[in-house]
Amino acid sequence: MKIHEYQAKELLRKHGVNVPEGRVASRMDELGPAYDALKAEIVAVKSQIHAGGRGKGALYDGPDPATAKKVQDGGVKVARSREEALQFGGNMLEKYLHTIQTGGVAKQVLKVYLEKGTRIARELYLSILMDRALQKPIIMVSTEGGMDIEEVAAKHPDKIIKLPVEMNLGLQPWQARELIFRLGLPGEVMKQGVDFLMKLWTAFAKEDASMLEVNPLVLTEENTLIALDCKLQIDDNALYRHPDSAAYRDITEEDPLEVKASEFNLNYVRLDGNIGCMVNGAGLAMATMDICKLAGADPANFLDVGGGANPTTVANGFRIILGDPNVKAIFVNIFGGIVQCDRVAHGIMQAAQEVKISVPLIVRLQGTNAEVARKILDEANLGIIAADTLDQCVDQIRKVFKA
């Protein structure tokens, strides 16, 4: 689960990590009191959306940058007076921020974070994330902070330092000292730096984070380390252990269809293709998407109805898939192992009665009660395009998209 920067800093602050003081504003009349509470002349005004590249983004008065009017360059601005803070914050609230990470559209800014300015001497980079190859967390640091780390990795891979951490042991003080040394920080910062890194690791481990990024990690002119900006993602599977963090979920930042699917306990991820996919099992889902690509179509989603699918589950799956206007056909590919194919067939019939299926429907049902399911669908006379083998599925999808 992604959370906002101000929420991530609340968690870091809880674990003793040094972060700047800040206030959140969600209305125009909250900007002034937020600025006054900080008692600082220089204040950073930051748009709060679940995407990076905010500083280099642009704000518009509508979600489509191609047709909307630009309001302001930069979703993060440094204000040197109360008037500037109110102006920048006013230009952000309820406007739409487009960055390199928001895709072709812009995301609406519903919260603004005002933060005390910092006198920066050096900008560094630090992240803690899971390394799938090593099957353990790694800490990654670089002297090139405040920049796009992917760009640094591409142009100066020698400037990125990675250190694996044994999960059952945690970050060791000697590892923290090595990282501080390799970042070239002054000797007088060593003790403070070790303490800072150990607290960051504690925040990562205790909060069941899947990723923690601090960019930039700054050394101030007073030789103090501060997490100036940060991203934190919490492992969804561990949210039951963190009810307070679960409350951070902001569904306005999520795809409405994915939010709806979660209400139905469906595993759904929206993609940008043209054929909806309904499957059971993640492996079959991946194979189904390969079949669509082989046939010349592009998957519009990943929807797994699971092993316990019933008619209601299947009907809800159709509702979700048909909620995407880009879907021009639906491919149902179910293997009846735990789930019975006749239940899926009844679900398709229920969906046809409750939800108007206005696009071609290609169905492959194999496994338990597959024959019964075929008979149910044949007698229902719903105009379903049946396929038994994967080759037939490819042929039928090609025919649909050539028609």
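Helices α11 (residues 341-354) and α12 (residues 370-380) pack with their axes 7 Å apart and at an angle of about 20 degrees. That angle makes α11 roughly parallel to α12, a label that applies to angles under 35 degrees. Axes here are lines fitted to C-alpha atoms, for helices over the stretch in contact, and angles run from 0 to 180 degrees between N-to-C directions. The α11/α12 crossing is right-handed, that is, the near helix is turned clockwise from the far one by less than a right angle. On the α11 side the contact (heavy atoms within 4.5 Å) uses C341, D342, A345, H346, I348 and M349, and on the α12 side A370, V372, A373, I376, L377 and A380. Sorted by class, that comes to ten nonpolar residues, one polar and one charged. Nonpolar covers Ala, Val, Leu, Ile, Met, Phe, Trp, Tyr, Cys and Pro, charged covers Asp, Glu, Lys and Arg, and the others, Gly among them, are polar.

All of this comes from a predicted model, in which local features need pLDDT of at least 70 and side-chain atom pairs count only at pLDDT 80 or more, while totals for chains, interfaces and linings use all residues. Residues are numbered from 1 along each chain as its sequence is written, and side-chain values use heavy atoms, with hydrogens and water left out.

Next comes the sheet. Helix α11 lies across β18 and β19, running at about 160 degrees to β19. Those strands belong to an open, mixed sheet of six, ordered β15-β17-β16-β18-β19-β20. Strands β15 (267-270) and β20 (385-386) stand at the edges with a single partner each, so one side of each has no neighbour in the sheet. Strands β18 (residues 329-336) and β19 (residues 361-367) run parallel and are joined by seven bridges; two strands count as paired if DSSP finds at least two. I334 has L365 of β19 as its bridge partner.

Overall, the protein chain has 13 helices and 20 strands, taken as DSSP runs (H or I, at least four residues, for helices; E, at least two, for strands) and numbered from the N terminus.

A few backbone details are worth a look. The N215 to P216 peptide bond is cis, with omega near 10 degrees, and P216 sits in strand β12 (residues 209-220). E94, in the loop between α3 (82-92) and β6 (96-98), has a positive phi near 70 degrees and counts as exposed at 54% relative accessibility. D208, in the loop between α6 (190-206) and β12, has a positive phi near 55 degrees but counts as buried at 19% relative accessibility.

Technical notes. Angles under 35 degrees count as roughly parallel, over 145 as roughly antiparallel, 65 to 115 as roughly perpendicular and the rest as oblique. Buried means under 20% relative accessible area, exposed over 50%, partly exposed in between (1.4 Å probe, protein chains only).
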